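Hello,

Here is the structure I said I would pass on. Please open it alongside this email.

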Amino acid sequence: MGTVRGTMVVGAVVAAVLLMTGCAQGMDDAAPSAHATSRTTPIRTPMPTPTPTPTATTPPIAQALPDTVDAGTVASGVSATASATGPSNVAFHTEGQFAVVIELDCSTCTGTATVTAPGRMSPFGRATAPLTASFLTAVFRDDAPDQTVIVDAQGPWSVTMRSWNDLPAVAGAQSGTGPAVLYLQDDVSHVAVDFRPASADDSFNARAFTTSDDTQVFGDSGAFAKQFDVDLPGVIAIQTNGTWTVTPVP
């Protein structure tokens, strides 16, 4: 069983590149019903067809932030990095069509850390600091090469941004605490999730971009051990503060 602290994604070019045919959407705070599992399917390159951004559950973060840091270029095999203290814009350039994985190191932060983008009503993700976590951006086929994300955090932080084509492929049960982005290479049709919330109002919310036709959404609130329909292989973006184990099963 692989174990992560909020993220399973670092470096390493994946030999088998996923083909994404669904859409990547930002994750909101509302946990989906345990029964709301739709057959889905994007996978990593080329880009998915756009779909509407989810309705906001919290007010958008103010866009007039004091600092903008330039992270550089994100491309196949090339990551971009940036660091700052407190809320900041992070500008970066993409070469190619792919979803961007944002790896946030906020291990000395306090409060709540949020990763979002200008104009978004629901963030890519948020979690209680201190944390080290990964988030998946919502990337559409017609996104401009020059993009900006917002890191709203209290304290010093750093980010590494890479193509989801560069996620390391993992197999079997994966465990972690907090948000994470995983590329599960198992060829199965279900995942079993064992979840322990960090607080009474915590939930497990995941989106899977797989070999089906639509984004698969699954999860629940409170402690649970359940199985969900997820057509792997694919990329799974997890949003929670709690501790989880995700196990691919036939």
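Below is what turned up, starting with the cysteines and moving on to the aromatic rings.

One caution before the details: this is a predicted model.

**Disulfide**

The search of the whole structure gave 1 disulfide. It joins cysteine 106 and cysteine 109, with 1.9 Å between the sulfur atoms. A disulfide is a covalent bond between the sulfur atoms of two cysteines. Which hand does the disulfide of cysteine 106 and cysteine 109 have? The torsion about its S-S bond is about -90°, so it is left-handed. Both cysteine 106 and cysteine 109 are buried.

**Aromatic rings**

Phenylalanine 204 belongs to strand E15 (residues 203-210), and phenylalanine 218 to strand E16 (residues 216-221), so the pair ties together parts 14 residues apart in sequence. Phenylalanine 204 and phenylalanine 218 are both buried.

Phenylalanine 224 and phenylalanine 228 also pair, this time edge-to-face. The centre-to-centre distance is 6.1 Å, with 85° between the planes. Phenylalanine 224 is buried, as is phenylalanine 228.

Now put the pairs together. Ring pairs link Phe195, Phe204, Phe218, Phe224 and Phe228 into a cluster.

**A charge over a ring**

What lies over the face of phenylalanine 224? That is lysine 226, at 5.6 Å from the ring centre.

Best wishes

Conventions: Residues numbered from 1 in each chain as written. Predicted model: local features only at pLDDT ≥ 70, side-chain atom pairs only at ≥ 80, totals over all residues. Heavy atoms only, no water. Disulfide = S-S within 2.5 Å. Buried < 20%, exposed > 50% of the residue type's maximum accessible area, 1.4 Å probe, protein only. Helix = DSSP H or I, 4+ residues; strand = E, 2+ residues; numbered from the N terminus. Phe/Tyr/Trp six-rings, centres within 6.5 Å; stacked < 30°, edge-to-face > 60°. Lys NZ or Arg CZ within 6 Å of the ring centre and 35° of its normal.
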